Amino acid sequence: MEDNENIEILRGDPKKALIKLAIPMIFALLLISFNNIIDRIWIAGLGTDPLAAIGFVSPIFMIIIGIGNGLGAGSNSLIARYIGAKNHEKANNSALHSILIVFLVSLLIPLLLLPFYDQLIIYMGASSVINYARDYGIILILGTFAFLFNLLFSSQLRAEGDMKKATFTMAAVDILNIIMDPIFIYTFNLGIKGAALATVLSSIFPTLVAVYWLFIKKNTYLDYSVKNFKYNFNYIKGILTVGIPASLEEFIISLVNIILNSMLVIVAGTNIIAAFNISFTILQLGMMPCIAIGTSAITVAGVAYGAKEYDKVKITCHYGIKISLIIAIIITLLLLIFAPQVALLFTYNQTNNEFYELIINVLRVVSVFLVVTPVGGICAMTFQGMGKGTLSLILTIVRELIFVVFLSFVLGIVLNFGVNGVLIGFILGLTIGSLIALFVFETIIKRIKKETEFSL
C-alpha cells in the first residue's frame, strides 16, 4: 500500500513528527483534565465524603485505564515498528491481534474485580465512605469494555499518524462527560452514581464511531478486514512485551498512590485524601503536555527504531524532554502563584477554612511534581516505542516502589514530618528515579548504535 501524508511525516524529521502528533493530543488530554476537574467540582457539591470516596476509587479506576493505556502502547509500538520497517501486512495483523487481546481483557477485569470489590475498598481505608465508593466504583468496573476499546482505537489511529480521528476518539469522551455530568448528578438526582454513569456512557459513543471508521467505512491506512487476520503468537508476544510492562507501570503508579493514601490517612486523616485527590486532579492538567509528548514519542520512536534510524530515536527522546520541561516549569510557577484561587473552586460550599488551607498547602508542595516527571516519563515511553517494555518497567519499579515509597515512609512516618514529609519524599523519589532513567537511556542508545556500526 502507498504511504499517505501521515506516514511520510512519521518517517521524516522526528521533531516535526513529535510536534505534529503531540499538539492535537495535548488538546484531547487537556479536555480529559478539564473533565476531571469539572467532575470533582460537581461532586464537591455533594460534600467531602463523596470526594474522599472518589479518592479511594481513583487508583482502581486508574489501574483499568492503565491496562488500556498499556495495551494501547503495546499495539502502537508494534504497529509503528512495522510501519517503520515498511511491512504493511504485519502492521494490519498486529492491529487485529490487539483487538482480540482487548476483547478478552475487557471480560476478565469485571470478573476478577467485582467479587472482591468491597474487601479491596475497605482494605484501602474507605470503610467510612463505603457506600459512596461502592456506588461509584462498581459502575466504572462494569464499563471497562468502553474504556479499553476507546483507548485501543485511539492508540492504533495514532500509530498511523491519523491524529484527527485519534483526537476525536479521545476528546469526544470528555466533551460528552462534561455535558452529562450535571444532568445525571443533579437533574436526574443520581448523585455519585450519576457521575459514574456519565463517565461510562460518554465513552461508548466515540468508540462506536471508531468502529465505524475502522470496520465499515475503512478509510484508514491500516486495513481491519477480517481476511487479514492470520493468528500468530508472535503478534501476541510483540504486543504484550510492551503492553504488559506498560500496564504494570500504570498499576505500580496506582499502587503507590494507594500506599501514599494510606500514609496520609495515618498522619492526617481522611480530609487529606480529598485534598490530595483534588491536587492531583489539578496536576493532571499540567501533566497533559508531557503525557501527550511522551505518548507521541512511542509512535515516533517506534517508527524510527523499526527503520533502524537510532539517531532519530535519541532526538525524539531529547526533544520530548526539552519541550516538556519548558511547559512544566511555566505551569508549576502558575500553580504556585494561583493555588488559593484554585482551592476555592473545590471549597465553594464549605464553611471549614481548614480544608481550604489544606488544599493550598498540598497543591503547592506537589506542583513540583510536574517539573521532575518529564525526564523519567519521556524515557519510559521512548523505551516502549523501541519495544523495550521490560526495561521501562524495571525503571518504574526503581523510581516508584523503591525511591518514592521508601523516602515518603522515612520522611513522613519514621521521622514524623507528617503530610509534608510524605509529599516531599514523593517528589524526591521521583527526581532520583527520573535521573536514573535518563542515564540508562543514554547508555542503551549508545550501545545499540555501536553494535550497529560494528555489524556494518
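Which residue forms a salt bridge with E309? K312 does, with the closest N and O atoms 3.2 Å apart.

This is a predicted model, in which local features need pLDDT of at least 70, side-chain atom pairs count only at pLDDT 80 or more, and totals for chains, interfaces and linings use all residues. Residues are numbered from 1 along each chain as its sequence is written, and side-chain values use heavy atoms, with hydrogens and water left out.

**Close-up 1. The salt bridge of K312 and E309.** A salt bridge here is a side-chain nitrogen of Lys or Arg within 4 Å of a carboxyl oxygen of Asp or Glu. By this rule the model has 8 salt bridges. E309 is partly exposed, at 33% relative accessible area. Buried means under 20% relative accessible area, exposed over 50%, and partly exposed in between (1.4 Å probe, protein chains only).

**Close-up 2. The salt bridge of E89 and K230.** Their side chains meet at 3.6 Å, N to O. E89 lies in helix 4 (residues 88-113), while K230 sits in the loop between helix 9 (191-217) and helix 10 (233-268), so the pair ties together parts 141 residues apart in sequence. Helices (H or I, at least four residues) are DSSP runs, numbered from the N terminus. E89 is exposed, at 52% relative accessible area. K230 is partly exposed, at 49%.

**Close-up 3. The salt bridge of E451 and R447.** The closest N and O atoms are 3.6 Å apart. Both residues belong to helix 16 (residues 418-455); they are 4 residues apart, about one helical turn. An α-helix has 3.6 residues a turn, so residues three or four places apart point the same way. E451 is partly exposed, with 46% relative accessibility. R447 is also partly exposed, with 44%.

**Close-up 4. Helix 13, residues 353-366.** The helix has 14 residues and reaches 20 Å from first C-alpha to last. That is close to the 20 Å expected at 1.5 Å a residue, where the expected span is 1.5 Å times one less than the number of residues. Its buried residues are F355, Y356, I359, I360, V362, L363, V365 and V366.

**Close-up 5. Positive phi at K86 and K218.** Most residues other than glycine have a negative phi. K86 has a phi near 60 degrees. It lies in the loop between helix 3 (48-84) and helix 4, and is exposed at 64% relative accessibility. K218 has a phi of about 55 degrees. Its place is the loop between helix 9 and helix 10. K218 is partly exposed, with a relative accessible area of 46%.

Definitions and conventions:
Helices (H or I, at least four residues) and strands (E, at least two) are DSSP runs, numbered from the N terminus.
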